[in-house]
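Colleague: I have not looked at this one before. Can you walk me through some parts of it?

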Amino acid sequence: MQHLDLQVVQQAAQWSRDGLRVWLCTVLCTYGSAPRAPGSLLAVSEGGHWVGSLSGGCVEEDFLERVAAGEFVDAVSVVRYGDGSDTRSNIRLPCGGILDVLVEHLPGDCDTQAHLAQLESALLGRRRLLREVNLRSGTRQLHDDQSQGPRVEQGEASVRLRVGAAQRLLLAGYSSVAHFCAEFGKGLGFEVVLCDPRDEVMDNVVLDGIEIRRELPSLFIANGGCHRDTAVVALTHDPKIDDLAMLEAVQTEAFYIGVMGSRATSEKRRERLRRIGGLGDAEMARIHAPIGLNLGSKTPAEIALAVLADILRTRSGIGREAL
């Protein structure tokens with residue numbers, strides 16, 4: 001599954017290499033109901049071609065007409081759609097929502113191509129970047145991103161945009177809880193991968209839109225299956241699956257690592273991982289065990305909800321004490 005943002009950046013880079021100007025648009029924030037999340041991208045060439053999405057179609061149509069009419073000549077601008085407060089946009093979204101859009105006018109030159117190449121590298125999972133755009137001058141800076149937080153952070157003079165690979169949810173082994181995690185994760189926009197080599201478990205499993213790999217999760221992880229935007233969760237109660245996945249996951253940059261079990265089971269696992277796996281305090285601190293938020297969950301679906309909620313909390317950079 002290819003990240004839509006990656007398609008946008010790659011196509012924008014090609015247009016720039018062809019000598020065309022490009023308008024790169026980013027959803028900054030939304031109010032009320034909105035079809036696309038902050039950080040979503042759209043690119044438009046001076047020839048009127050476009051790729052990506054900002055809404056269900058009405059915003060794109062209006063924007064294309066205005067580009068064709070010669071608007072958006074400034075290096076950077078912010079346009080609000082939805083409530084009529086911005087005189088440059090006179091449409092209202094059918095869903096009743098409001099969204100602010102950052103519009104960058106990029107020339108077809110080497111600087112643009114170099115900038116887009118850096119974004120492509122980040123979207124391919126090679127690094128994570130904070131992209132800072134000055135709202136007055138249109139200048140752009142890239143910084144390595146070592147933290148978790150919202151995709152868009154707005155200030156008075158600039159915006160900071162997190163750029164990374166498609167968020168991946170790696171399910172280490174199949175179970176009833178993993179099944180619901182897969183469904184919830186897909187609905188939340190994660191690229192979901194399920195690894196389990198057990199034929200007796202997997203033969204009748206049906207999960208539409210989920211990548212299923214008949215191999216040990218630990219091998220998939222060891223062979224590069226995790227990047228910094230990956231959440232690894234083990235939910236089988238089988239130490240051969242769960243423990244080995246934890247041992248490999250802590251060697252990666254995965255932003256979330258968790259394993260299911262009661263407090264007593266989790267303590268026994270911690271002792272095994274220290275004694276057999278040789279993990280130290282820093283590595284053990286990365287493992288969420290017991291996994292998930294304490295929501296009083298009992299059923300597989302409720303447990304999966306608690307797991308995904310904790311992943312989202314971590315991805316957003318919110319501490320448990322802030323809940």
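Modeller: We can go through a strand, a sheet and a pair of helices in turn. Keep in mind that this is a predicted model.

Colleague: Start with Glu-191. Where is Glu-191 placed?

Modeller: Glu-191 belongs to strand E11, which covers residues 191-195.

Colleague: Is Glu-191 buried or exposed?

Modeller: Buried. The relative accessible area of Glu-191 is 12%, and the cut-off for buried is under 20%.

Colleague: And which side chain does the side chain of Glu-191 make a polar contact with?

Modeller: With that of Arg-168, at 2.7 Å.

Colleague: What about the rest of E11, how many of its residues are buried?

Modeller: Five of the five, so E11 is largely enclosed by the rest of the structure.

Colleague: Which way do the residues of E11 point?

Modeller: Glu-191, Val-193 and Cys-195 point one way, while Val-192 and Leu-194 point the other way. In a regular strand, side chains alternate between the two faces of the sheet.

Colleague: Which strand does E11 pair with over five bridges?

Modeller: Strand E10, residues 168-172, and the pairing is in the parallel sense. In that pair, Ala-172 stands opposite Cys-195 of E11.

Colleague: Different topic. What is the strand order in the open sheet of four strands?

Modeller: The order is E7-E6-E9-E8, and the pairing is antiparallel.

Colleague: Which strands stand at the edges?

Modeller: E7 (140-144) and E8 (152-154). Each has a single partner strand, so one side of each has no neighbour in the sheet.

Colleague: By how much are neighbouring strands turned against each other there?

Modeller: By 20° on average, with direction ignored.

Colleague: How many bridges join E8 to E9?

Modeller: Three, and the two strands run antiparallel, with E9 covering residues 158-163. Val-152 has Leu-161 of E9 opposite.

Colleague: Now the helices. At what angle do H6 and H7 pack?

Modeller: About 10°, with the axes 8 Å apart. H6 spans residues 217-225 and H7 spans residues 239-249.

Colleague: Why call H6 and H7 roughly parallel?

Modeller: Because their angle is about 10°, and angles under 35 degrees count as roughly parallel. H6 and H7 are therefore roughly parallel to each other.

Colleague: Which residues meet there?

Modeller: From H6, Pro-217, Ser-218, Ile-221 and Ala-222. On the H7 side they meet Ile-241, Leu-244, Ala-245, Glu-248 and Ala-249.

Colleague: How do the residues of that contact divide into nonpolar, polar and charged?

Modeller: Seven are nonpolar, one is polar and one is charged.

Notes. Residues numbered from 1 in each chain as written. Predicted model: local features only at pLDDT ≥ 70, side-chain atom pairs only at ≥ 80, totals over all residues. Heavy atoms only, no water. Buried < 20%, exposed > 50% of the residue type's maximum accessible area, 1.4 Å probe, protein only. Polar contact = N/O pair within 3.5 Å; in protein donor to acceptor, adjacent residues only side chain to side chain. Axes fitted to C-alpha atoms, helices over the stretch in contact; angles between N-to-C directions. Parallel < 35°, antiparallel > 145°, perpendicular 65-115°, else oblique. Contact = heavy atoms within 4.5 Å. Nonpolar A, V, L, I, M, F, W, Y, C, P; charged D, E, K, R; others polar. Pairing = 2+ DSSP bridges.
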